[in-house]
Amino acid sequence: MTARGENMRINGDRLWDSLMDMAKVGPGVAGGNNRQTLTDSDSEGRHLFKTWCDEAGMTMSVDKMGTMFATRAGTDPDALPVYVGSHLDTQPTGGKYDGVLGVLAGLEVIRSMNDLDIRTKHPIVVTNWTNEEGARFAPAMLASGVFAGVHTLDYAYDRKDPDGKTFGDELKRIGWVGDEEVGARKMHAYFEYHIEQGPILEAENRQIGVVTHCQGLWWLEFTLTGKEAHTGSTPMNLRVNAGLAMARIMEMVQTVAMDNQPGCVGGVGQVKFSPNSRNVLPGTVIFTVDIRSPDQAKLDRMRARIEAEAAGICEVLGVGCAVEAVGHFDPVTFDPTLVASVRKAAEDLGYSHMNLISGAGHDACWTAKVAPSTMIMCPCVGGLSHNEAEDISKDWATAGADVLLRAVVETAGIVE
Ligand code: HGY
Ligand code: MN
Ligand code: MN
């Protein structure tokens with residue numbers, strides 16, 4: 001007779017079906033998703049997730065940032081819950097699995113516990129964090145940042161999207177403002193299961209990433225001020241060319257990142273020219289430099305060098321230069337006890353695994369400030385993510401969810 005839970009595994013077909021059903025909500029144009037935060041499709045995805053949670057016998061709470069907490073009761077109502085979470089919002093050209101895998105694998109953990117009649121001492125809460133991506137409203141991981149006390153609720157509500165709409169107004173418009181104070185609930189532990197969004201696990205032919213750390217990040221928003229002028233009739237020596245300054249800064253960021261290899265990255269994903277007319281030299285250029293490293297000192301040195309050299313580039317060209325840090329978190333070390341529970345679960349299940357540092361940021365980076373937290377990762381094809389062609393296999397998805405089930409149940413304390 002096997003001990004209760006010894007053969008604990010999730011239902012991979014059911015998890016995959018739920019992923020495919022959620023992928024139909026807010027479809028992209030190339031097989032992925034465009035389910036940006038606080039849009040109607042985000043709301044539709046939230047309602048679908050709530051329906052599934054209701055069917056699994058969970059009770060739903062929503063806080064003032066719209067974050068969703070679905071609770072499965074434990075035998076000890078006073079025990080702090082074990083949380084399993086990630087995010088349902090996507091990039092504008094996002095994949096079907098970034099974030100979604102972690103939320104729906106959390107739901108699958110509950111569904112499987114129901115099937116296996118497993119009871120735990122601690123309650124278990126499946127979480128959908130609002131605005132993890134930071135694509136529509138910067139910064140990323142906004143709701144988990146308010147939860148961890150990094151941002152105030154007012155700061156979050158005032159964040160504006162490119163059309164000037166505020167986070168607070170849009171959350172009200174889609175009808176997902178909860179009444180729970182953000183951060184009022186306390187956590188026994190937090191697990192986040194996520195696709196790697198990098199090439200290492202696939203290249204090393206490992207099924208599970210035992211995530212020990214996450215690299216730190218700076219988002220530096222530059223506003224360059226040039227002089228609007230005719231691109232045809234303005235002599236080259238009379239131009240105040242903010243576009244040229246931006247190009248030189250982007251080249252410099254590449255140089256700084258390459259000078260600090262290994263273990264760092266730097267680049268630019270978003271640029272806004274105004275007036276953005278083909279035959280007008282831009283008066284204003286706004287762009288965000290994204291730099292990351294697991295090494296705190298290296299990350300801060302890169303920031304200082306980029307800001308200093310950008311000022312020099314602009315001075316030579318007579319271009320105004322202002323910079324604001326619009327996103328930041330220090331490198332994160334995840335909880336060794338939880339990391340060990342993930343590694344043990346992978347070993348007990350016979351899954352190949354390796355330690356991993358997360359290249360992307362996640363809500364776990366903020367929950368780690370207020371509760372023991374860790375992550376589990378599965379490979380993704382070619383390491384591709386933030387691209388509609390993002391792809392994983394059902395086997396990869398299932399293996400990571402099996403590990404999640406065991407680590408969560410062990411941490412929540414199985415009750416015979
Ligand atoms: O930017 C990130 O690393 C995450 O996708 N929000
Ligand atoms: Mn994500
Ligand atoms: Mn993402």
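Predicted model: local features only at pLDDT ≥ 70, side-chain atom pairs only at ≥ 80, totals over all residues.
Local features need pLDDT of at least 70 and side-chain atom pairs 80 or more, while totals for chains, interfaces and linings use all residues; side-chain values use heavy atoms, without hydrogens and water. Residues are numbered from 1 along each chain as its sequence is written, with chains lettered from A and ligands numbered from 1 in the order written.

Here are the two helices (DSSP runs of H or I, at least four residues, numbered from the N terminus); expected span is 1.5 Å times one less than the number of residues.

| Helix | Residues | End-to-end C-alpha distance | Expected span |
|---|---|---|---|
| α2 | 40-55 (16 residues) | 23 Å | 22 Å |

Start with α8. Its buried residues (under 20% relative accessible area, 1.4 Å probe, protein chains only) include M246, I249 and V253. Among the elements covering them are β10 and α9. At the N-terminal end, N241 caps α8, with a side-chain oxygen 3.0 Å from the backbone nitrogen of G243.

Over in α2, F49, W52 and C53 are among the buried residues, and their cover includes α1 and α3. After α2 comes G57, with a positive phi near 85°.

Now the metal. The manganese ion (ligand 3) has protein donors (N, O and S atoms within 2.8 Å of the metal, or 3.2 Å for Na, K and Ca; water is not among the atoms, so sites may look incomplete) from D98, E133 and H386, 2.1 to 2.5 Å away. D98 also coordinates the manganese ion (ligand 2), 3.5 Å from ligand 3. D98 and H386 sit in separate loops, so the pair ties together parts 288 residues apart in sequence. D98 counts as buried at 5% relative accessibility, whereas H386, at 41%, is partly exposed (between 20% and 50%).

Definitions and conventions:
Contact = heavy atoms within 4.5 Å. Polar contact = N/O pair within 3.5 Å; in protein donor to acceptor, adjacent residues only side chain to side chain.
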